[in-house]
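Please examine the sequence and the model below before reading on.

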Amino acid sequence: MTDPAQLSTNEWIWLSALLGLMVLVVSAAWRSRNPLAWFQPPLVMLVIYGYYTVLGPLNALNEGRWVDRGVDLRYGMEAAWMGAAIAFASYLIGYWLWPQKIRPPQRTSGFNPAQAWRLGQRLNWVGLILFGSISGSRLLVYLNPLTARQATALTADGLDFGAFANYASLAINLLIPGILLMTAAWIAQRRNPFPLLAWLVTAIGIYTTLGFRYRLAILLGPLVMLWFVATRKRPNPLIVIPSVLGLVLIAGFVGLTRAYGQGLDLTALEDKTLTDIFLAGFGESVIFLTTGALISMTPASHGFVGLTPLINTLLFPIPAQLLPGKNSAEYALAVNEAIYGPVRGQGAAFMNYGEHYLMGGWPTLILGGLILGWLTRKLWIWFQQRQQEPLAQVTYVCAVGYLYVVVSRGYLPQVTMLFCFTVLPLFLLYRWTSRPVTSSPPAIVAPPHAG
């Protein structure tokens, strides 16, 4: 390959295989008469993979952007596409072809919009109070990302939570399930939207100031999805396409102007056009490049880590002050250091199939895809049996939207911890508010098709 902007034969093969799998997913949804089929996990996975492994990398090649942190990562693109195609194929096999027993629902949930509204507000207040307690007067600054940079120096820290400071910090994620619950209540009643709008503006302001775009994605994406799921409507291209383009534009806008914890600096846009901002939304393709470098150099230059991610996930909830030396992120930092060097590797990220490969090569990458497919199929079956229940609708869209984090961040301990503050509360609320079903027919085996 003489021109690095051109794809090699092998890269074309793996990219074509990945695109073929995506066509298969779309055709399966197209043939289904179920309007909710368009919101199955494979379609969500397709959108995530399309962004990270197709559009982003192709845009990077078009612009000649394959150098990150001073390191040329072009060499890893073939391995990255190979890994993406195999991981996505494994996922679809786990989702479509791994038989599952379909057990009738053991519990069912009624829906009281007033109760959902209250529960949503309570989750929001718990999250905001815990986060505000550790943030102190900075919380007021976080509300406006346009002025946060100027006001940060005038603020004071909040309470000292000691070993559990991370828990209080992550509590801000509770605004995501809280707002989704309030949205479900509003869809049912269509009145008094102002408290919901106030919470939505609050969450967007804080999340934007903090600078972590994933929170905006897993809040706004499920909000749009919830509308279609609750009204049982097929996705309207006039809504979906602008929504997706809008999310990419927001990602570019925040990516160009953010400083973590300090809001936005609009001066960074002085020489940028709208097209520049939109294309900057594909800047996350660097994660794809890092993933390719990881696969290319393992195990030749960096050994496999075995079960370390699983063990560290179990230890991660224990504060470091109570378990000195646990070093949950050491295995991820080590591979980043091997790619970028000891200083420039800090903060780099790779995709989940990169972490699966890091554990034991292609067998663990395939196994990771199979397990994720099986789990999301189980989620889909759970939702199908409760699709008329608004609380199940909220839980489902929040869980399937969280796949964005699962796929885009190959750091299982953190992904699991964030899950506990974003999706798990809704499953616990469902369990708490639901009631047992009196009679249960025998279980059957799920047929191997898209469903």
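Predicted model: local features only at pLDDT ≥ 70, side-chain atom pairs only at ≥ 80, totals over all residues.

Residues are numbered from 1 along each chain as its sequence is written, and side-chain values use heavy atoms, with hydrogens and water left out.

The protein chain contains 21 helices and eight strands; these are DSSP runs numbered from the N terminus, with helices (H or I) of at least four residues and strands (E) of at least two. Its C-alpha trace spans about 65 × 60 × 50 Å along the principal axes. The radius of gyration of the protein chain is 22 Å, which agrees with the value near 22 Å for a compact globule of 451 residues. That radius is taken over C-alpha atoms, and the globule rule is 2.2 Å times the number of residues to the power 0.38.

Of the 451 residues in the protein chain, 51% are buried, where buried means under 20% relative accessible area, exposed over 50%, and partly exposed in between (1.4 Å probe, protein chains only). Among contacts (heavy atoms within 4.5 Å) between residues at least 6 apart in sequence, 81% join residues at least 24 apart. The accessible surface of the protein chain comes to about 20300 Å², and 66% of this belongs to carbon and sulfur atoms; such areas come from the Shrake-Rupley method with a 1.4 Å probe, and for residues only the protein chains shown count as cover.

Helix H14 covers residues 308-315, and its buried residues are Pro309, Asn312 and Thr313. Seen down the axis of H14, these buried residues fall within an arc of 110 degrees, so they line one face of the helix. The arc is that of the directions from the helix axis to the C-beta atoms. The cover over the buried residues of H14 includes helix H15 (330-340), helix H16 (352-360) and helix H20 (412-422).

His302 lies in the loop between helix H13 (285-297) and H14. Is His302 buried or exposed? At 13% relative accessibility, His302 counts as buried. Leaving aside residues up to four places away in sequence, His302 touches Met297, Ala334, Val335, Ala338 and Leu358.

Thr395 belongs to helix H18 (residues 390-401). Thr395 is buried, with a relative accessible area of 0%. Not counting residues up to four places away in sequence, Thr395 touches Trp382, Leu426 and Phe427.
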